[in-house]
Amino acid sequence: QVRVVESGGGLVQPGGSLRLSCAASGSIYNVRTMGWYRQAPGKQRELVATITAGGKTNYADSVKGRFSISRNNAINTVYLQMDSLKPEDTAVYYCNAQVYTTMWEGDGYWGQGTQVTVSS
């Protein structure tokens, strides 16, 4: 019933930028932490950045200073601004939203993923 949908991926040259968006919709009582994760071929999924409902952010060391996470609570949307992209940033990027559907029931929901390819 809860949907999480990412958009904004694509092909970009090294040093370029992309902006990813992720919107949660459906039967939502409250959205708490939202975050971005990525998975490169042959590697495990890893945390990229998270942001709490109050705006507290957390970043992987590999993206600090280059990526910025933000959110619009009014529309349950989280963004990932990616600058100075490197080939090693190439991965499928997944959005996760911690959603409460009632005041008692909460769970994490994943989006379908969006491909980011950094190549010249």
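This is a predicted model: local features need pLDDT of at least 70, side-chain atom pairs count only at pLDDT 80 or more; totals for chains, interfaces and linings use all residues.
User: How many of the contacts join residues 24 or more positions apart?

Analyst: Such pairs account for 54% of the contacts with a separation of 6 or more. Buried residues, meanwhile, make up 38% of the 120 residues.

User: Why is Ala49 called buried?

Analyst: The cut-off for buried is under 20% relative accessible area. Ala49 has 0% relative accessibility, so it counts as buried. This residue lies in strand β5 (residues 46-51). Leaving aside neighbours within four places in sequence, Ala49 is in contact with several residues, among them Met34, Trp36, Tyr59 and Leu80.

User: And Thr50, is it buried or exposed, and how do you know?

Analyst: Thr50 is in strand β5 too. Its relative accessibility is 13%, and buried means under 20%, so Thr50 counts as buried. Not counting residues up to four places away in sequence, the residues Thr50 touches include Thr33, Tyr37, Lys56 and Ile69.

User: What makes Asp89 and Arg38 a salt bridge?

Analyst: The rule asks for a side-chain nitrogen of Lys or Arg within 4 Å of a carboxyl oxygen of Asp or Glu. The closest N and O atoms of Asp89 and Arg38 are 2.9 Å apart, which meets that rule. Asp89 lies in the loop between β8 and β9 and Arg38 in strand β4, so the pair ties together parts that are 51 residues apart in sequence. Asp89 is buried, at 0% relative accessibility, and Arg38 is buried as well, at 6%.

User: Which side chain meets Asp89 in a salt bridge at 2.7 Å, N to O?

Analyst: That is Arg66. Arg66 sits in the loop between β6 (57-59) and β7, and Asp89 in the loop between β8 and β9, so this pair ties together parts that are 23 residues apart in sequence. With a relative accessible area of 11%, Arg66 is buried. Arg38, Glu46, Arg66 and Asp89 are linked in a network of salt bridges. By the rule, the count comes to 4 salt bridges. One of them is formed by the side chains of Lys64 and Asp61, at 3.1 Å, N to O.

User: Why is Asp61 called exposed?

Analyst: Exposed means over 50%. Asp61 has a relative accessible area of 64%, so it is exposed.

User: What makes the Tyr37 and Trp110 pair edge-to-face?

Analyst: By the ring rule, the count comes to 1 aromatic pair. The ring centres of Tyr37 and Trp110 are 5.1 Å apart and their planes stand at 65°, so the pair is edge-to-face; the cut-offs are centres within 6.5 Å and planes over 60 degrees apart. Tyr37 is in strand β4 (residues 30-39) and Trp110 in strand β10, so the pair links distant parts of the chain, 73 residues apart.

User: Which residues form the nonpolar patch on the surface, and how exposed is Trp104?

Analyst: The patch consists of Tyr29, Met103 and Trp104, with about 460 Å² of accessible area together. Trp104 is in the loop between β9 (91-100) and β10 (106-110), and its relative accessibility of 71% makes it exposed. Tyr29 lies in the loop between β3 (18-25) and β4; at 53% relative accessibility, Tyr29 counts as exposed too. Beyond its neighbours within four places in sequence, Tyr29 is in contact with Tyr100, Thr101, Thr102 and Met103.

User: What makes the phi of Asn76 and of Ser84 worth a look?

Analyst: Most residues other than glycine have a negative phi. Asn76 has a positive phi of about 50° although it is not a glycine, and it is in the loop between β7 (67-72) and β8 (77-82). Phi of Ser84 is near 50°, again a positive value in a residue other than glycine. Ser84 lies in the loop between β8 and β9 and counts as partly exposed at 41% relative accessibility.

Note on methods
Residues are numbered from 1 along each chain as its sequence is written. Side-chain values use heavy atoms; hydrogens and water are left out. Patches are made of residues with over 30% relative accessible area and no salt bridge: like charges are joined within 9 Å, nonpolar side chains (Val, Leu, Ile, Met, Phe, Trp, Tyr) within 5 Å. Accessible areas come from the Shrake-Rupley method with a 1.4 Å probe; for residues, only the protein chains shown count as cover. Helices (H or I, at least four residues) and strands (E, at least two) are DSSP runs, numbered from the N terminus. Buried means under 20% relative accessible area, exposed over 50%, partly exposed in between (1.4 Å probe, protein chains only). Contact means heavy atoms within 4.5 Å. Rings of Phe, Tyr and Trp (its six-membered ring) pair if their centres lie within 6.5 Å; planes under 30 degrees apart count as stacked, over 60 as edge-to-face and the rest as tilted.
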